[in-house]
Amino acid sequence: MEIRVLKYFLEIAREENMTRAAEILHVSQPTLSKQMKELETELGKKLFRRGSNNMRLTDEGMLLRKRAEDIIDMVDKTTNEFKTLDDITGGEVRIGCAESYQIKYIAKEIKKFKQKYPLFQYHILSGNTEQVTERLNKGLLDFAVIVEPPDLSKYHYIEIPEADIWGVLMRKDNPLSEKKVIHIKDLYNVPLICSAQSLLTDIPRWCGEDIDMLNICGSVNLFYNGSVFVKEGVCCMLTFDKLADTSSESELCFRPLEPVLKTKMYVIWKKYQIFTPITKLLLEQIKEKIH
């Protein structure tokens, strides 16, 4: 299975049309069609459902698409690493980040780092702990910032000094907005959303067995989309402070939980990981400044 053929496959999957993909790839349509038939023969599976004007992925094709995207990411990352092995004026670093105001620590260090190494580029992937650690373990990320204690058998880590404060994000016309803090009983009949991860790790630390009394009507893995649901009055959201705009012009407000619930953040990287020069320099700076 050649990298070139996987790139052809991904382009067809994106365009859902052999002719358009061939034009983009600057190859003839018969050549592209032949490559896809050979790929299907090699794998022993049909990858496309061929219609008169389009090509849709089969279940097997969707599986290959996910694997091919990871493979191409790894190839591109490896190529860039070798290009910069002898050049520490620049290079690329890929960082997985949970959504948190504490990401400001990483941003501040990257800002200073960019001044010293102007050719340096950074790529940020946002997601929950499971999502970013999966990519970290595959070698698709250089390091990650997560919001739960790291597995010390797998990772080295730096603890970020501050902590995120949990609370409820709501519309300002919600009756709960009149309260200064939110207790568990205040939420019994309130439709709530929060991340699936926090339901397992954080919220039980706050309310214990009373978690079964909460009206969890859905889950969300990225903050912004959840905040749109809150703005539309669908629900309230259990989340971190300082993620939403709660200024006087905003429709939203935040009220902290009582008793106070905090979550720490950690910068993690794999044990025995070999870094490119630019990644090693950035991580050394973060270690020195964040403690």
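Predicted model: local features only at pLDDT ≥ 70, side-chain atom pairs only at ≥ 80, totals over all residues.
Helix H7 (196-201) and strand E9 (236-240) each contribute at least two residues to the lining of the largest cavity. The volume of the largest cavity is about 310 Å³. Its lining comprises 21 residues, of which Glu-99, Ser-195, Asn-221, Thr-239 and Phe-240 are the closest to the centre of the cavity. In total, two cavities of 30 Å³ or more were identified.

On the surface, a nonpolar patch is formed by Tyr-224, Val-228, Phe-229 and Val-234. Together, these four residues present about 390 Å² of accessible area. Tyr-224, one of the members of this patch, is located in helix H9, which spans residues 223-231. The relative accessibility of Tyr-224 is 56%, and the residue is therefore classed as exposed, the cut-off being over 50%.

A buried position is found at Thr-58, in the loop that connects strand E2 (55-57) to helix H4 (59-83). The relative accessible area of Thr-58 is 7%, so the residue counts as buried, for which the limit is under 20%. When residues up to four places away in sequence are set aside, Thr-58 is in contact with Lys-46, Leu-47, Phe-48 and Arg-49.

Key:
Residues numbered from 1 in each chain as written. Heavy atoms only, no water. Patch = residues over 30% accessible without salt bridge, like charges linked within 9 Å, V, L, I, M, F, W, Y side chains within 5 Å. Areas by Shrake-Rupley, 256 points an atom, 1.4 Å probe, with all protein chains shown as cover. Salt bridge = Lys/Arg side-chain N within 4 Å of Asp/Glu carboxyl O. Helix = DSSP H or I, 4+ residues; strand = E, 2+ residues; numbered from the N terminus. Buried < 20%, exposed > 50% of the residue type's maximum accessible area, 1.4 Å probe, protein only. Contact = heavy atoms within 4.5 Å. 1 Å grid on protein atoms, 1.4 Å probe; cavity = no way out; pocket = protein on both sides within 12 Å on 5 of 7 lines; lining within 4 Å. Points joined across faces, edges and corners; volume = space filled by probe spheres on them.
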